[in-house]
Amino acid sequence: MGFDQYHEPPAELSAKTRTFARMCANLTEEAEAIGWYEQRISVETDAASRAIMEDSLGEEYKHFSMELEFLLRTKPKWRSIARGILFQEGDVVVNGEAAEAAAASGSSTTESPSRADASLGIGSLRECRP
């Protein structure tokens with residue numbers, strides 16, 4: 001049985017890299033499942049069936065989020081860029097470009113560019129989290 005998730009010989013990859021690849025594959029599968037449930041729910045006319053699928057969809061959201069968090073914990077640069085994009089106000093592309101530039105320069109971005117100027121120089125309470 002072959003594994004298409006590897007692009008290099010698996011025996012040459014570290015256990016850490018193989019785990020990372022597995023979690024990337026899981027994330028992809030969860031994203032696909034979310035798309036499938038969304039499609040099924042949008043056309044389902046039976047309320048009980050739709051309710052079950054919506055419950056299942058919630059599980060897929062949870063699994064996707066858990067896997068994403070695992071991956072972000074393993075890659076600090078990815079986490080830094082994600083922090084500059086996820087849950088931020090403003091234009092997603094602008095935030096993404098700013099987050100990528102900040103990560104490349106070694107700084108961290110947790111505020112969208114549009115909100116950074118409104119901070120009064122106090123900083124963000126988000127940075128106080130453990």
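At what angle do helix α3 and helix α4 pack, and how far apart are their axes? In this predicted model, helix α3, which spans residues 76–85, packs with helix α4, residues 92–105, at an angle of about 145 degrees, and their axes lie 8 Å apart. The crossing of these two helices is right-handed. On the α3 side the contact is made by Lys 77, Ser 80, Ile 81, Gly 84 and Ile 85, while α4 contributes Val 92, Asn 95, Gly 96, Ala 99, Glu 100 and Ala 103. Sorted by class, the residues of this contact comprise five nonpolar, four polar and two charged.

That pair of helices belongs to a chain that has five helices and zero strands, so that, when it is read along the sequence, the pattern is α-α-α-α-α. Of the 130 residues in the chain, 24% are buried. Where contacts join residues at least 6 apart in sequence, 41% of them connect residues at least 24 apart.

The crossing in which α1 passes α2 is left-handed, whereas that of α3 and α4 is right-handed. The residues that form the contact of α1 with α2 divide into 16 nonpolar, five polar and seven charged.

Side chains of opposite charge can pair when their charged atoms come close. The structure holds three salt bridges, and one of them joins Glu 59 with Lys 62, the closest N and O atoms being 3.2 Å apart. Both residues lie in helix α2, residues 47–74, and because they are three residues apart there, about one helical turn separates them. Glu 59 is partly exposed, at 35% relative accessibility, and Lys 62 is likewise placed in the partly exposed class, with a relative accessible area of 40%.

Arg 73 is exposed, with a relative accessible area of 64%, whereas Glu 69 is partly exposed at 28%.

To which other residue is Glu 69 joined by a salt bridge? Its side chain also meets that of Arg 79, at 2.4 Å from N to O. Since Glu 69 lies in helix α2 and Arg 79 in helix α3, this pair ties together parts that are 10 residues apart in sequence. Arg 79 counts as buried, because its relative accessibility of 18% falls under the limit of 20%.

Note on methods
Residues are numbered from 1 along each chain as its sequence is written. This is a predicted model: local features need pLDDT of at least 70, side-chain atom pairs count only at pLDDT 80 or more; totals for chains, interfaces and linings use all residues. Side-chain values use heavy atoms; hydrogens and water are left out. Axes are lines fitted to C-alpha atoms, for helices over the stretch in contact, and angles run from 0 to 180 degrees between N-to-C directions. Helices (H or I, at least four residues) and strands (E, at least two) are DSSP runs, numbered from the N terminus. A crossing is left-handed if the near helix is turned anticlockwise from the far one by less than a right angle, and right-handed if clockwise. Contact means heavy atoms within 4.5 Å. Ala, Val, Leu, Ile, Met, Phe, Trp, Tyr, Cys and Pro count as nonpolar, Asp, Glu, Lys and Arg as charged, and the others, Gly among them, as polar. A salt bridge is a side-chain nitrogen of Lys or Arg within 4 Å of a carboxyl oxygen of Asp or Glu. Buried means under 20% relative accessible area, exposed over 50%, partly exposed in between (1.4 Å probe, protein chains only).
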